[in-house]
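Subject: Structure handover

Hello,

Here is the structure I promised to pass on. My notes follow below it.

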Amino acid sequence: MSRFSALNYDIDPVFHAANRPAPRVGVLLANLGTPDEPTAPALRRYLAEFLSDPRVIEVPRLIWMMVLHGIILRVRPRKSAALYKSVWTSEGSPLLAISKQQQAAIQQQLGDGYSVKLGMRYGNPSIAGALRELQKEGVRKIIVLPLYPQYAGPTTGSTFDAVATELKSWRWVPELHFINNYCDHPLYVEALANSVREHIEKNGLPQKIIFSYHGMPKRYLTAGDPYFCLCQKTTRLVQEKLGLDKSICLTSFQSRFGREEWLKPYTDETLEQLPKDGIKHIAIISPAFSADCLETLEELAVENRHAFIAAGGEKYDYIAALNDRTDHIAALVEILKR
């Protein structure tokens, strides 16, 4: 029997949705994901799923699976669990807690004509689970918004893969709109600029503002991934919106691992060099993250701060992600309505 047959298919959304009120539009907000708890077993499950994605690690599969299961998943989960524990909250991981706040705020702004769900590419709640919730509600039009302002294959592209994998098993595929980036949307740029402006008004103008984006191997860029260019564009648009001299704003890339060359300049090396060049006061922001998470709250706000101060820096300020700021929510709502 075909997997598309009625016997293997939940017919209720297809044949009975008309008998009850249904939202006109479904919205799937997607982000990277988080372990279920800050423990080594939970990190092992999460990292196994994350690092098995061929969009994330473009290495011959047999070789990579041997490295992943033979080395990385034996060593890294315990170290990562300790880092997650340092930022964990009573509501769980910061990324999940903030994403739920974003979901609730967007639902409130959009109103009853929309049904807003949250799905994580790795871990829970899953993208497949969120789509099935919309299916049960009888939604026939779905907008997918990966919360990555700058398109990248390992993030936005992988989200599309997850959505497609789920939908290809549906008998009745809904109308689908997939938003693959929004880094140049005027309201997103304005929200970023507002967050930087507010910081400057409170703390003074730093000598440098570092725009630190999550990194990726350089060969992804040479293979055609536009992420590097979109990051540069984001920095330029915010700098122009603020009316700052372009020499004040620097773009760098964080969170690299392994030995191959990644996108440069590297954030950690930049922060270690700046005090040697007489730059003692900096502010740092990470526009690639729509919500604060381990990479911002621990890596940027703590680890890299220590590196900058140890190198001779004097003042290091972390500017928070946009999270559920009113102007950020307004930007996302406008992007969805468009």
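Please keep in mind that this is a predicted model.

I began with Ser99. This residue sits in helix α4, which spans residues 94-110. Ser99 has a relative accessible area of 1%, so it counts as buried, the cut-off being under 20%. A polar atom of its side chain is 2.7 Å from the backbone oxygen of Leu95. Leaving out residues up to four places away in sequence, Ser99 touches Asn31, Leu118 and Met120.

Next, the nonpolar packing. The largest nonpolar core has 56 residues. Leu29, Ile106, Leu110, Leu145, Tyr227 and Leu336 touch the most other members. Helix α7 (residues 186-203) is the top contributor to this core, giving 7 residues. There is also a second, separate core of 16 residues, with Leu47, Phe50, Val56 and Leu68 among them.

Leu110 is worth a look on screen. Its contacts, again without residues up to four places away in sequence, are Val27, Val116, Val333, Leu336 and Lys337.

Leu336 and Lys337 also line the second largest pocket. The volume of that pocket is about 170 Å³. Two elements give two or more residues to the lining: β3 (141-146) and α12 (326-337). The most come from α12, with 3 residues. Others in the lining include Val25, Tyr114, His177, Ile179 and Arg338. By type, the lining holds 6 nonpolar, 1 polar and 3 charged residues.

Over to you.

Best wishes

Definitions and conventions. Residues numbered from 1 in each chain as written. Predicted model: local features only at pLDDT ≥ 70, side-chain atom pairs only at ≥ 80, totals over all residues. Heavy atoms only, no water. Helix = DSSP H or I, 4+ residues; strand = E, 2+ residues; numbered from the N terminus. Buried < 20%, exposed > 50% of the residue type's maximum accessible area, 1.4 Å probe, protein only. Polar contact = N/O pair within 3.5 Å; in protein donor to acceptor, adjacent residues only side chain to side chain. Contact = heavy atoms within 4.5 Å. 1 Å grid on protein atoms, 1.4 Å probe; cavity = no way out; pocket = protein on both sides within 12 Å on 5 of 7 lines; lining within 4 Å. Points joined across faces, edges and corners; volume = space filled by probe spheres on them. Nonpolar A, V, L, I, M, F, W, Y, C, P; charged D, E, K, R; others polar. Core = buried A, V, L, I, M, F, W, Y, C linked by side-chain atoms within 4.5 Å.
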